[in-house]
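Work through these exercises with the coordinates open. Each task is followed by a stepwise solution.

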Amino acid sequence: MSTRRGRKNAPSQDFDPTPSLGKTIQRLRKAYNMSLGDLSEQSGVAKSIISQIERNETNPTLSTVYRLSRALDTTIDEVLRTEGGQLFLEHQSKSGVPILESQDGLCRLAIAGPLNLVEQVQWYDFRAKAGGVLESDPHPQGTVEHLYMLAGEIEVTTGEETRRVKLGETLRFRGDLPHKIVNVGTGEAHATMVLVLRQLGAADNSG
């Protein structure tokens with residue numbers, strides 16, 4: 001452990017610590033094989049106060065958390081990070097994942113990406129039965145589609161050109177032109193698709 005002995009204290013203001021603060025302090029202290037006395041000596045925080053913090057029996061000042069984080073060779077942000085909320089941002093059940101269908105009913109797109117990012121990046125799980133056709137209007141200028149084949153065989157047409165893509169292959173193509181995907185195999189086609197909007201650096205003139 002790299003010990004930092006500086007005593008440049010932050011303002012001593014009260015704040016509401018996260019419920020996991022005590023556990024985090026204790027986990028870091030034990031990870032460095034430090035006793036309460038060791039941490040007290042390195043941080044300048046009384047051993048009794050550290051013990052109360054670890055048991056979530058007191059609300060420390062920001063200055064105290066700052067000194068503890070310095071002694072534990074980490075940052076205030078890391079010490080205050082919650083154990084649950086920031087690690088898992090969203091969990092959608094199967095019934096909560098939006099599904100789009102092609103006009104022929106043979107192609108399905110499960111929207112895997114977050115809806116609040118659709119103006120920057122979109123990604124889908126694509127499945128098509130034999131003969132299925134997915135036709136798309138042009139996306140915003142500069143959009144590139146990234147496609148990776150997980151099963152089957154398809155043909156992709158963008159503009160006036162067509163390419164065939166097989167299992168295990170990747171294709172990247174202009175998505176700002178009319179394009180379509182056709183399952184030319186005998187079984188189901190399965191691919192993951194990611195659209196990066198304006199990847200080619202086109203300016204956004206919508207405003």
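**Exercise 1. The whole chain**

What percentage of the residues in the protein chain is buried?

*Solution.* 
1. The model is predicted.
2. The protein chain has 207 residues, and buried residues make up 33% of them.
3. Its secondary structure comprises 5 helices and 10 strands.

**Exercise 2. Geometry of a helix pair**

Describe how helix α2 and helix α3 are placed relative to each other.

*Solution.* 
1. Two packed helices are described by the angle between their axes and the distance between the axes.
2. Locate the elements: α2 covers residues 36-43 and α3 covers residues 47-54.
3. Read the distance. The two axes come within 9 Å.
4. Read the angle. The axes cross at roughly 115 degrees.
5. Classify the angle. The range 65 to 115 counts as roughly perpendicular. α2 and α3 are therefore roughly perpendicular to each other.
6. Assign the hand: the crossing of α2 past α3 is right-handed.

**Exercise 3. The contact residues**

Which residues of α2 meet which residues of α3?

*Solution.* 
1. On the α2 side, list Leu36, Gly37, Leu39, Ser40 and Ser43.
2. On the α3 side, list Lys47, Ile50, Ser51 and Glu54.
3. Sort the residues of this contact by type: 3 are nonpolar, 4 polar and 2 charged.

**Exercise 4. The buried face of α3**

Where do the buried residues of α3 fall, seen down its axis?

*Solution.* 
1. Pick out the buried residues of α3: Ile50, Ser51, Ile53 and Glu54.
2. Look down the axis of α3. These buried residues fall within an arc of 160 degrees, so they line one face of the helix.
3. Recall the helix repeat. An α-helix has 3.6 residues a turn, so residues three or four places apart point the same way.
4. Identify the cover. The buried residues of α3 are covered by elements including α1 (21-31), α2 and α4 (62-71).

**Exercise 5. The buried residues of α2**

Which residues of α2 are buried, and what do they pack against?

*Solution.* 
1. Leu39, Ser40, Gln42 and Ser43 are the buried residues of α2.
2. Their packing partners are α1, α3 and α4.
3. Zoom in on serine 40, which sits in helix α2. Its relative accessible area is 16%. The cut-off for buried is under 20%, so serine 40 is buried.
4. List its contacts, leaving out residues up to four places away in sequence. Serine 40 touches Val45, Ala46, Lys47 and Ile50.

**Exercise 6. Positive phi**

What are the phi values of asparagine 33, glycine 44 and asparagine 56, and where do these residues lie?

*Solution.* 
1. Most residues other than glycine have a negative phi.
2. Start with glycine 44. This residue follows α2, and its phi is positive, near 80 degrees.
3. Take asparagine 33. Its phi is positive, about 55 degrees, although it is not a glycine. Asparagine 33 belongs to the loop between α1 and α2. With a relative accessible area of 71%, asparagine 33 is exposed.
4. Finish with asparagine 56. Its phi is also positive, near 55 degrees, in a residue other than glycine. Asparagine 56 follows α3 and lies in the loop between α3 and α4. Its relative accessible area is 44%, and asparagine 56 is partly exposed.

Methods. Residues numbered from 1 in each chain as written. Predicted model: local features only at pLDDT ≥ 70, side-chain atom pairs only at ≥ 80, totals over all residues. Heavy atoms only, no water. Axes fitted to C-alpha atoms, helices over the stretch in contact; angles between N-to-C directions. Helix = DSSP H or I, 4+ residues; strand = E, 2+ residues; numbered from the N terminus. Parallel < 35°, antiparallel > 145°, perpendicular 65-115°, else oblique. Left-handed = near helix turned anticlockwise from the far one by under 90°. Contact = heavy atoms within 4.5 Å. Nonpolar A, V, L, I, M, F, W, Y, C, P; charged D, E, K, R; others polar. Buried < 20%, exposed > 50% of the residue type's maximum accessible area, 1.4 Å probe, protein only. Arc of directions from axis to C-beta.
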